[in-house]
Amino acid sequence: KLVDEISARLVEEPDSIFAYTSIVHGLAMQGRLDEAFEYVNELERAGVPANVVTYTALVSAYIHVGEVAKAWFLFRGMRRVNLDPDSGTFTVMISGLARRGDARSVDAAKGLYDEMRTLGLEMPEETYNSMMDGYVRIGDMEGAERIFRELEGSTTPTVVSFTTLLHGYGRAKDMVAAKSIFRQMRVRGIKPDRVALNTFLSACIRCGDMTLAYRVFEEMQRTGGSVAPNVVTYGALILGQATDNNPEEAWKLFEDMKEAGIAPSKLLLSRLFTACIRGLLPIETGIEIIRDMVSIGCTKEEVEKRKRELRPLLAVASEVWKEVDGIRVQQTASEQIFEKHGWNKMDSGFRAI
C-alpha cells in the first residue's frame, strides 16, 4: 500500500522523489539494506526507476556498515542501468575506499579521483579531503601534500583540510611540518576549531613536546566557548603524561577533567585501564576507573570483564587485604599511595559497583 501511494505521488509530484530517496537512505543507514533494495525493486516494478541520488544513498549505506566491496560493485554497476555516477557518488566511494587505510584501497580511490578530473566533474573540498585522509592513513605525506596543492589550485582550503595534514604529520612524528601547517593556518586567517587544536595538541604529545601541548591546552582554556578543552583534549594529555611516566600528573588531570564537569568517555576509560594494567598508572587506580565505567553507563558485562582483569593484579600487589563484593582490594599500600599523592581515597573498594 505504501509503495502504491508513493508511486502515485511520484507521478503527480515529481519533486517527491526526494521523499522516496530519503526512505531508501533511512532504511539503508539503519542497516536494513535488504529492505531498502526490496523497496527500490518494488518501486521500479511500479514504474518508478531509481536515480543517481538513490544509488548514491545505497552506496553510502554500504560504506557506512563496512561493506565497501559491495558498495564498489554497486557503484560500478550504475552504468549498466544507464546511470552515470555524479560528483556526490564519486566522493562517497572515494571516502569509503580511503578510510580502509590500506595501499590497495587508496590506489583505487586515487583512480576514481583521477577519473573525476578527467570527466570534468565538480570536485568539492570533501573529495580532496577524503583523498588526503587516505594518504595520511598509509603514511604517505607526499601524496597528501600533493592533493592539498591541487586543492589550493581549485579553491581555498578550510580548517578541515589543514587539520587532515596536522593529523598526518602528528602520526609521522614530524613536529617541524606540523608547526609549519599550524602557522600557515593562522597566517591565512583560518581560525583553528577545537578539532584542529586537539589534533595539533596530540601531534605535540606524539612528538614529545609536552610544553607546547600545554600551551595549546591553556590557550583553549582561556578562549573557552567552542574551543574549550573537551574529553579528547584531556584524554590526550592524560595518556601523554602516563606514557611519559608522570602518573601523578596524569591522575590529577583526570580528576580536573571530572571537576570541570566533563564526563570520561568509554574510549578514555578503556585506555586508562590499559595504562593501569601496563603499570603506567598505579594498579589501585583501576578501582576508580571501574567506578567511572559504572557512572557513565557501561554494561554489566563490560564492568565484570574489567574486574576479572584487575583481580589477579591486585592479588599480587599487597600483603594485606579485605573482602569487598568478592574482590580482594589492597588495604594499606594503596591507601598510602593515594595519601602520598593527595588523590581521592578509596572508601570501600567496589561498594559503588
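# A tour from loop to helix pair

Start by selecting N82, which sits in the loop between α5 (68-77) and α6 (87-98). You are looking at a predicted model. Check the backbone of N82: phi is near 60°, a positive value in a residue other than glycine. Most residues other than glycine have a negative phi. Now show the surface. N82 has 74% relative accessibility, and it counts as exposed because the cut-off for that is over 50%.

Next, select K173. Look for K173 in the loop between α10 (159-171) and α11 (175-187). Here too the residue is not glycine and phi is positive, near 55°. Is K173 buried or exposed? At 55% relative accessibility, K173 counts as exposed.

Zoom out for the whole chain. Colour by secondary structure and you will find 19 helices and two strands. The chain has 353 residues, and 47% of them count as buried.

Go inside next. Select M220, in helix α13 (residues 210-223). M220 has a relative accessible area of 1%, so it is buried, the limit being under 20%. What is M220 in contact with, leaving aside its neighbours within four places in sequence? Show R194, L197 and N198, then V227, A228, P229 and T233. Keep T233 selected with M220. The two are 13 residues apart along the chain, and their C-alpha atoms are separated by 9.3 Å.

Finish with two helices. Select α14 (residues 231-243) and α15 (residues 247-259). Their axes come within 7 Å and cross at roughly 165°. An angle over 145 degrees counts as roughly antiparallel, and α14 and α15 are therefore roughly antiparallel to each other. The crossing of α14 past α15 is left-handed.

Now show the side chains where the helices meet:

- On α14, pick V231, Y234, L237, I238, Q241 and A242.
- On α15, pick P247, E249, A250, L253, F254, D256 and M257.

How do the residues of this contact of α14 with α15 divide? There are 10 nonpolar residues, one polar and two charged.

Terms used
Residues are numbered from 1 along each chain as its sequence is written. This is a predicted model: local features need pLDDT of at least 70, side-chain atom pairs count only at pLDDT 80 or more; totals for chains, interfaces and linings use all residues. Side-chain values use heavy atoms; hydrogens and water are left out. Axes are lines fitted to C-alpha atoms, for helices over the stretch in contact, and angles run from 0 to 180 degrees between N-to-C directions. Helices (H or I, at least four residues) and strands (E, at least two) are DSSP runs, numbered from the N terminus. Angles under 35 degrees count as roughly parallel, over 145 as roughly antiparallel, 65 to 115 as roughly perpendicular and the rest as oblique. A crossing is left-handed if the near helix is turned anticlockwise from the far one by less than a right angle, and right-handed if clockwise. Contact means heavy atoms within 4.5 Å. Ala, Val, Leu, Ile, Met, Phe, Trp, Tyr, Cys and Pro count as nonpolar, Asp, Glu, Lys and Arg as charged, and the others, Gly among them, as polar. Buried means under 20% relative accessible area, exposed over 50%, partly exposed in between (1.4 Å probe, protein chains only).
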